[in-house]
Amino acid sequence: MSNTFPRRQALLAASTVAAALPASQLFASESPTRLTAAKSSVDAIPTPPLAMNTSTLRGHNLTVPQQIEVVAKAGFDGIEPWIRDLRSYVDGGGSVSDLKKQLDDSGLNVVGAIGFARWIVDDPAARQAGLEEAKRDMELVASLGGTQMAAPPIGVHRKEELGDGGAPSLETIGERYRAILELGDTMGVTPLLELWGFSPVLHRLAELAYVSTAAAHPSAAVLPDFYHIYKGGNDMSSLGMIEASRMPLFHINDYPSQPGIDVIADKDRVYPGDGVCDLVGTISMLLRNGFVGTFSLELFNPTYWKLPAEKVAAEGCQKSRDVIAKAVEAAQQASAAQA
């Protein structure tokens, strides 16, 4: 681990710098300046770091220290834990400082975290409670050295939760996203607007981009997911309309051709390269557009949970890296062809 740690730090630092770019750069096409730079420096396309979202090991019922051990041993650069697992560890008498030391010793960076604070809901009291929960979550993430966490549309992600008034407008969601971003400023943690393909709200890439722009906040950034892009009825090419540097974290996974899009669910996700998603082509496009974020393997497949956790982690890491390596090669070839 010690030999790879400086590289991990450097790559993830690049992701952090990218996340601080102005929100006005959310939409962009390849400018002549960018194309010129790509032509003159074909080999400058870096290999993105790879993390694991611990949902991938959810069915193994590991403690957080065990998760860290398995993820580090498999060769990942970072980890994306779930807040409820961290809370369970702390509530059970675990020490946050011990956890931080284990992460540092393992060479793993906390690239994000998965929480479910209800920051987006219409009810003012519930929304305030959600912001207070988000604050506690951010404090925990920051104590582990993390600077990002997911902000999904929890609370408005089911039609029956919307009530008579229906879904909040995108303008309203933008205002609420700004509120949680401003809270994040005080915590040193950026909430990333997360795409959920099954949700009535924020299931389209266009909605994600609109809300991030409407928030009018310099730290606004988005968290896409290959499965959710597909589930939400999006086209992968639409990613090209979002400034790649505004995606500091991206959930990587794959999906089969069956079951169909109407019934496919989280449990059907598979290892990268084992499904039908054009991961190589899409990641290559992201890299050519300036993506310098981290990919985080996020699966929920119960079939994998029947296997040893070490095997799932190792196979997930290797298959993800294989796909990413092919995408980097494709991006370099495309840049060379343009030179």
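This is a predicted model: local features need pLDDT of at least 70, side-chain atom pairs count only at pLDDT 80 or more; totals for chains, interfaces and linings use all residues.
**Exercise 1. Leu144**

Work out where Leu144 lies, whether it is buried or exposed, and which residues it contacts beyond its sequence neighbours.

*Solution.* Start with the location: Leu144 sits in the loop that links α6 (124-143) to β4 (148-151). Next, check the accessibility. Its relative value is 6%, so Leu144 counts as buried, given that the cut-off for buried is under 20%. Now look for partners, skipping anything within four places in sequence: Leu144 touches Leu86, Val96, Leu99, Lys100, Leu103 and Val110. To finish, take a C-alpha distance: Leu144 and Lys101 are 43 residues apart along the chain, with 8.9 Å between their C-alpha atoms.

**Exercise 2. α4 against α6**

Find the angle at which α4 and α6 pack, and sort the contact residues by class.

*Solution.* Angles of 65 to 115 degrees count as roughly perpendicular, so that is the label for α4 relative to α6. Then list who touches whom: α4 brings Ile83, Leu86, Arg87 and Val90, while α6 brings Arg136, Asp137, Leu140 and Val141. Sorted by class, this contact has 5 nonpolar residues, 3 charged ones and no polar ones.

**Exercise 3. Helix α8**

Identify the buried residues of α8 and what covers them.

*Solution.* Go along residues 205-214 and pick out the buried ones: Leu205, Glu207, Leu208, Ala209, Val211 and Ser212. Their cover includes α7 (170-187), β5 (190-194), β6 (222-223) and α9 (226-231).

How values were computed: Residues are numbered from 1 along each chain as its sequence is written. Side-chain values use heavy atoms; hydrogens and water are left out. Helices (H or I, at least four residues) and strands (E, at least two) are DSSP runs, numbered from the N terminus. Buried means under 20% relative accessible area, exposed over 50%, partly exposed in between (1.4 Å probe, protein chains only). Contact means heavy atoms within 4.5 Å. Axes are lines fitted to C-alpha atoms, for helices over the stretch in contact, and angles run from 0 to 180 degrees between N-to-C directions. Angles under 35 degrees count as roughly parallel, over 145 as roughly antiparallel, 65 to 115 as roughly perpendicular and the rest as oblique. Ala, Val, Leu, Ile, Met, Phe, Trp, Tyr, Cys and Pro count as nonpolar, Asp, Glu, Lys and Arg as charged, and the others, Gly among them, as polar.
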